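The sequence and the coordinates should be kept in view while reading.

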Amino acid sequence: MFKHESIETNSGMLIVLTLVAISIGGLVEIVPLHYINETVEDVKDPVTGLEVIRPYTPLEQRGRDIYIREGCYTCHSQMIRPFRDEDLRYGHYSLAAESKYDHPFQWGSKRTGPDLARVGGKYSNEWQVQHLIAPRSVVPESIMPNYPWLQTTDLDLSDLQGRMIALKRVGVPYSQTTVEYEDNVKRFGEDVAKKLDINQAEANLTAQAKAGNYDGNPSNISEMDALVAYLQVLGTMVDFSKFDEDHFIQFR
């Protein structure tokens, strides 16, 4: 009678069968992709025809950098799965297009804390700040660590343009030239295109931080400003009320 122990004690057979199992799993995951015409949804405003999913502004992008630096992704996913219970709790399932400018993307299933894919606009800036400084003051059952230094640490802008240039090299459409700027105007509209201009990155970041006053302190631009700006934009770029209920099914 064949026993599993006979494989575990035969390293050669174990290696061969492991490779076979990985190959089958890989084929099941990869082959179907070659029979799907689109894997990333084409999301354009039905009225203007402009792309509604844009790269992060400089302030939002620096907030995302801090989000990754502090390891927030180890407890929070940003991927709502197409299940009824998740739809009821979080909202519309995540589109691939919503993460196409994320490097690295934040999809996953690890949820020590809730999914944050659509947390943008769910709470006020004041709530977000208080939650980050002392989570249990607003959510008593929370096990999230405190992050008080975000409020008192000035945001480092010294490498802002370099970070955006690095993202541009991997496909994020930030602009450096007039041609690239004009292309962004056609894709996203003039207001958004201005915010994606690397040459104006620091001015744009400062203007957004002052206008949003995300940390409640207008006298400086803190890491808290950036992180809250990032959290407040998550899941807000697509207005699903503008699309038919089954519009995105064609891409699945």
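How do the residues of the lining of the second largest cavity divide into nonpolar, polar and charged? The structure shown is a predicted model, and in it this lining divides into three nonpolar, three polar and three charged residues. The residues in question are Ala 209, Lys 210, Asn 213, Asp 215, Asn 217, Pro 218, Asn 220, Ile 221 and Asp 225. The phi angle of Asn 213 is near 45°, a positive value in a residue other than glycine.

Along its principal axes, the C-alpha trace spans about 75 × 45 × 40 Å. An unreviewed UniProt entry places the feature "transmembrane region" at residues 12-36. In the model that span is 76% helix and 0% strand, and its end C-alpha atoms lie 37 Å apart. The unreviewed UniProt entry also places the feature "domain: Cytochrome c" at residues 58-235. Over residues 58-235 the chain is 46% helix and 0% strand, with the end C-alpha atoms 17 Å apart.

Two packed helices are described by the angle between their axes and the distance between the axes. Helix 3, residues 58-69, and helix 7 have axes that come within 11 Å and cross at roughly 85°. Helix 3 and helix 7 are therefore roughly perpendicular to each other, since an angle of 65 to 115 degrees counts as such. From helix 3, the residues in this contact are Pro 58, Gln 61, Arg 62 and Asp 65, and from helix 7 they are Leu 160, Arg 163, Met 164 and Leu 167. By class, the contact of helix 3 with helix 7 comprises four nonpolar, one polar and three charged residues.

Helix 3 also packs against helix 10, at an angle of about 85° and with the axes 8 Å apart. This angle makes helix 3 roughly perpendicular to helix 10. Here Pro 58, Leu 59, Glu 60 and Arg 62 of helix 3 meet Ala 201, Leu 205, Gln 208 and Ala 209 of helix 10. The residues of this contact divide into five nonpolar, one polar and two charged.

The remaining pair to be described is helix 7, residues 160-169, with helix 10, residues 201-212. Their axes come within 9 Å and cross at roughly 105°, which makes helix 7 roughly perpendicular to helix 10. The meeting residues are Leu 160, Gln 161 and Met 164 in helix 7 and Ala 201, Glu 202 and Leu 205 in helix 10. Four of the residues in this contact are nonpolar, one is polar and one is charged.

The account now returns to empty space. Rolling a probe the size of a water molecule over the atoms shows where such space is left. Two cavities of 30 Å³ or more are counted. The largest cavity has a volume of about 230 Å³. Its lining consists of 19 residues, of which Tyr 56, Glu 98, Ser 99, Leu 234 and Gly 235 lie nearest the centre. That lining divides into nine nonpolar, six polar and four charged residues.

The largest pocket holds about 710 Å³ of space. Of the 31 residues that line this pocket, His 76, Pro 114, Leu 116, His 131 and Met 144 lie nearest its centre. Which helices each supply at least two residues of the lining of the largest pocket? They are helix 4 (84-90), helix 5 (125-133) and helix 11 (223-233). Helix 5 gives the largest share of the lining, four residues. By class, the lining of the largest pocket has 17 nonpolar, eight polar and six charged residues.

Pro 104 is placed in the loop between helix 4 and helix 5. The peptide bond from His 103 to Pro 104 is cis, with omega near 0°.

Note on methods
Residues numbered from 1 in each chain as written. Predicted model: local features only at pLDDT ≥ 70, side-chain atom pairs only at ≥ 80, totals over all residues. Heavy atoms only, no water. 1 Å grid on protein atoms, 1.4 Å probe; cavity = no way out; pocket = protein on both sides within 12 Å on 5 of 7 lines; lining within 4 Å. Points joined across faces, edges and corners; volume = space filled by probe spheres on them. Nonpolar A, V, L, I, M, F, W, Y, C, P; charged D, E, K, R; others polar. UniProt positions renumbered as here; feature names shortened; annotations may be inferred. Axes fitted to C-alpha atoms, helices over the stretch in contact; angles between N-to-C directions. Parallel < 35°, antiparallel > 145°, perpendicular 65-115°, else oblique. Contact = heavy atoms within 4.5 Å.
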